[in-house]
Amino acid sequence: MKDFIYSYLTKVYFGEKAAKKALPTELAKVGKTVMLAYGGGSVKRSGVYDEICGYLRDTGKEIVDFSGIMPNPTYKKVQEGAALAREKEVSFILAVGDGSVIDCCKIIAAQAVTDKDIWEMEFKEHVYPTEFLPMGAVVTASGTGAEMNNGAVITNEDTKEKAGVLGAYANFAVLDPDYTMSLPAKQVISGAFDTLSHSMETYLGSPRDVNLSDEIGEAVMCNVIRNIRILLQDMYNKEARTELMWASAMAENGILKIGKVTDFQAHQIEHQLGAYTDCNHGQGLAVIHPVLYRHIYKDGVKQFARMAEKVWEIPAEGKTQEELAEAGIGALAEFVKEIGMPSTFTEMGITDKSVLKKVADTCNLTAGCCKKLSREEILQILEECW
């Protein structure tokens, strides 16, 4: 493992009635005016909105409502939220929703306290914000792990970029599996695949010698696969949803990344696909991963072979490492079909093939988990995904 420094800033309240335990205590520490940020109507239909408002009123808070945060949050929405926070002199942001809501609020928390444009700061000046409005997160859909880090995926509609932006850490996070029980099956499975993707992208980074971070990653991946399969038989199995909620957080709270160098090339490709098509994130990853891995596995064959054996439970006996690695990628592709995720972009409903070159030409190129791809190689991968 490489040298590292690890610290953790977010206090987690996990389990049944977590909001009831967390909010009276945590809200007592913050100012009077709270921005309550959320997406569409699902938090109201489920009763979560009314419950959270009750805790806010019980602690004497004035509520500033900020709704309509979309599944792929835009930079314009960030600016709208920041302007509202300044206008209403908001002292605390409470994000209630999925990773998109939480991500949007992380950047609102940064933009609300500076006159500088956050996008310009980070992508042109390479300067990152250090001051934020404090915020908390109440998770209603797991998968992104957004509640336990300061990264946010934001779409800049003007520049056609969907990129990772750094913002605020949540002071605290509320993870109550009951809040996920009303989610439709497709959303639950898509979110869980995103967790699996995070774990794979970290696992296939370097170094690729046996280390504790990777062994924990293997456990997370096995947990996700097992509990997705349980949900396919019983979509409202609470224990499975509980496990997936914590697996989601574990995949993105930095623990799996300790001593590792990761790049998330599959995510980088999917982000730009999302910038041009506004597609479902988990579905895009499900299509891209097997194709990408067939292109790069020979450059990291030892780790791909280990994942095949430890995660997909493929016997190593009688197989070369290359054969074992190929079998593991095949198992991943079959798993995508087994859980009802799409295997091609056309299955996702993407109809304009001309976007593929735009995605290849604009996506962020990283060192690659095993190799650095060229734009021509990425275009070939995208075309094979079609």
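Mentor: Q268 sits in helix α10. Helices here are DSSP runs of H or I with at least four residues, strands are runs of E with at least two, and both are numbered from the N terminus. Residues are numbered from 1 along each chain as its sequence is written, and this is a predicted model, so local features need pLDDT of at least 70. Side-chain atom pairs count only at pLDDT 80 or more, while totals for chains, interfaces and linings use all residues; side-chain values use heavy atoms, with hydrogens and water left out.

Q268 has a relative accessible area of 19%, so it counts as buried. The cut-offs are under 20% for buried, over 50% for exposed and partly exposed in between, with a 1.4 Å probe and protein chains only. Beyond residues up to four places away in sequence, Q268 touches D263, C363, N364 and T366. Contact means heavy atoms within 4.5 Å.

Now look at the ends of α10. F264 is found in the loop between α9 (238-252) and α10 (265-277). Its phi is positive, about 60°, although F264 is not a glycine. F264 is at 11% relative accessibility, and therefore counts as buried. D278 lies in the loop between α10 and α11. D278 is not a glycine either, yet it has a positive phi of about 55°. With a relative accessible area of 54%, D278 is exposed.

Next comes α15. L379 belongs to this helix. Leaving aside neighbours within four places in sequence, L379 contacts L356, K357 and A360.

Now the packing of α11 on α15. Two packed helices are described by the angle between their axes and the distance between the axes. The axes of α11 and α15 (residues 375-385) come within 9 Å and cross at roughly 130°. Each axis is a line fitted to C-alpha atoms, for helices over the stretch in contact, and angles run from 0 to 180 degrees between N-to-C directions. The two helices are therefore oblique to each other. Angles under 35 degrees count as roughly parallel, over 145 as roughly antiparallel, 65 to 115 as roughly perpendicular, and the rest as oblique.

Which residues make the contact? V287, I288, V291, L292 and H295 in α11 meet Q380, I381, E384 and C385 in α15. By class, 6 residues are nonpolar, 2 polar and 1 charged. Here Ala, Val, Leu, Ile, Met, Phe, Trp, Tyr, Cys and Pro are nonpolar, Asp, Glu, Lys and Arg are charged, and the others, Gly among them, are polar.

Step back to the core. A nonpolar core is a set of buried Ala, Val, Leu, Ile, Met, Phe, Trp, Tyr and Cys residues joined through side-chain atoms within 4.5 Å. In soluble globular proteins, nonpolar side chains tend to be buried together. The largest core in this model has 66 residues, and F193, Y293, F304, M307 and F345 touch the most other members. Helix α11 (residues 281-296) gives the most to this core, with 8 residues. F345 touches L273, V287, I288, I350, L356, L382, C385 and W386, with residues up to four places away in sequence not counted. A second, separate core of 41 residues includes L84, A109, A152 and V165.

P184 lies between β8 and α7. It is partly exposed, with a relative accessible area of 46%. The C-alpha atoms of P184 and Y236 are separated by 9.9 Å, with the residues 52 apart along the chain. P207 lies in the loop between α7 (185-203) and α8 (212-233). The peptide bond from S206 to P207 is cis, with omega near 0°.
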